[in-house]
Each structure stands twice: as C-alpha cells, then as structure tokens.
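Reader: Could you show me how to read salt bridges and pockets in a protein model, taking one feature at a time?

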Amino acid sequence: QLSDGKTVFKNNCAVCHGDKGQSVVEDWENELSDGTYPAPPLNGTAHTWHHSKESLLRTINTGGIPLGGRMPPFKDTLTEKEKEAVVAFFMSLWTDRVYKAWEKRNPS
C-alpha cells in the first residue's frame, strides 16, 4: 500500500504538496493574490493531522476549492484503493509523535 501510495502521490499530489509532502510554497498559510491558498504540507508539519481519515478522503474526492484552495477533485480520477494508499503514504511521513496525536484525536 505504501509503495502504491508513493506512486499515486508522486503522479498526482507532489506537484503542489512537494515530493516529501513538505509543500512547494514556504508561506503556504498566506493567501495568494487570487484569494486562494496554496497546498499545505502533508508531512505532519501543518494541520492535516487534525483531520479524520474520512475528512481527508472527502477532501481528496471533492478537492480543495470548497475550502479556499486550488486542489481539483480526484473523485473520478483515483480509485478508492489509490485514495486509501495515498493517505497511508502521506501519513507515513508523519513523526511518531504526530501520528499518536492524530490517533488521540481520531479514536477507532
């Protein structure tokens, strides 16, 4: 799953979120001139870990536009298996401390 997720991430997400989930923009928290926000880091250094897996999958499906971003929806682009794999991949970039904090916020 991680290998598949890494491939999906590289082919669909890295252009905006960075090859290691670090974001391609240093000041990702600041609004762009068009009123949207750049893609945040997914490596555990931003707010991604605050969200449930369901919320992360919903954002992948519907895109970031409803949230003020530019990310297109991937509902019809990626399979469910690919979406699950990409979430597993970027979660694997998190430190143990961040992952444990995520688990605490999102008990099974």
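**Salt bridges and a pocket**

Author: Let us begin with a single residue of this predicted model: Arg 70 counts as exposed, because its relative accessibility is 52% and the cut-off for exposed is over 50%.

Reader: Which residue forms a salt bridge with Arg 70?

Author: As a general idea, side chains of opposite charge can pair when their charged atoms come close. Here the partner of Arg 70 is Asp 34, with the closest N and O atoms 2.6 Å apart. Arg 70 lies in the loop between α3 and α4, while Asp 34 lies in the loop between α2 and α3, so the pair ties together parts that are 36 residues apart in sequence. Asp 34 itself counts as partly exposed, at 44% relative accessibility.

Reader: How many salt bridges does a search of the whole structure find?

Author: The search finds 4, and one of them joins the side chains of Glu 84 and Lys 53, at 2.6 Å from N to O. This pair links distant parts of the chain, since Glu 84 belongs to helix α4 and Lys 53 to helix α3, 31 residues apart.

Reader: How much space lies in the largest pocket?

Author: Rolling a probe the size of a water molecule over the atoms shows where empty space is left. In this model the largest pocket holds about 790 Å³ of space, and among its 33 lining residues the closest to the centre are His 17, Ala 39, Pro 40, Thr 59 and Met 71. By class, the lining has 22 nonpolar, 10 polar and 1 charged residues, and the largest share of it, 4 residues, comes from α3.

Conventions
Residues are numbered from 1 along each chain as its sequence is written. This is a predicted model: local features need pLDDT of at least 70, side-chain atom pairs count only at pLDDT 80 or more; totals for chains, interfaces and linings use all residues. Side-chain values use heavy atoms; hydrogens and water are left out. On a 1 Å grid over the protein atoms alone, a cavity is a set of points where a 1.4 Å probe fits but cannot get out, and a pocket is an open set with protein on both sides within 12 Å along at least five of seven lines; lining residues have an atom within 4 Å of a point. Grid points are joined across faces, edges and corners, and a volume is the space filled by probe spheres set on the points. Helices (H or I, at least four residues) and strands (E, at least two) are DSSP runs, numbered from the N terminus. Ala, Val, Leu, Ile, Met, Phe, Trp, Tyr, Cys and Pro count as nonpolar, Asp, Glu, Lys and Arg as charged, and the others, Gly among them, as polar. Buried means under 20% relative accessible area, exposed over 50%, partly exposed in between (1.4 Å probe, protein chains only).
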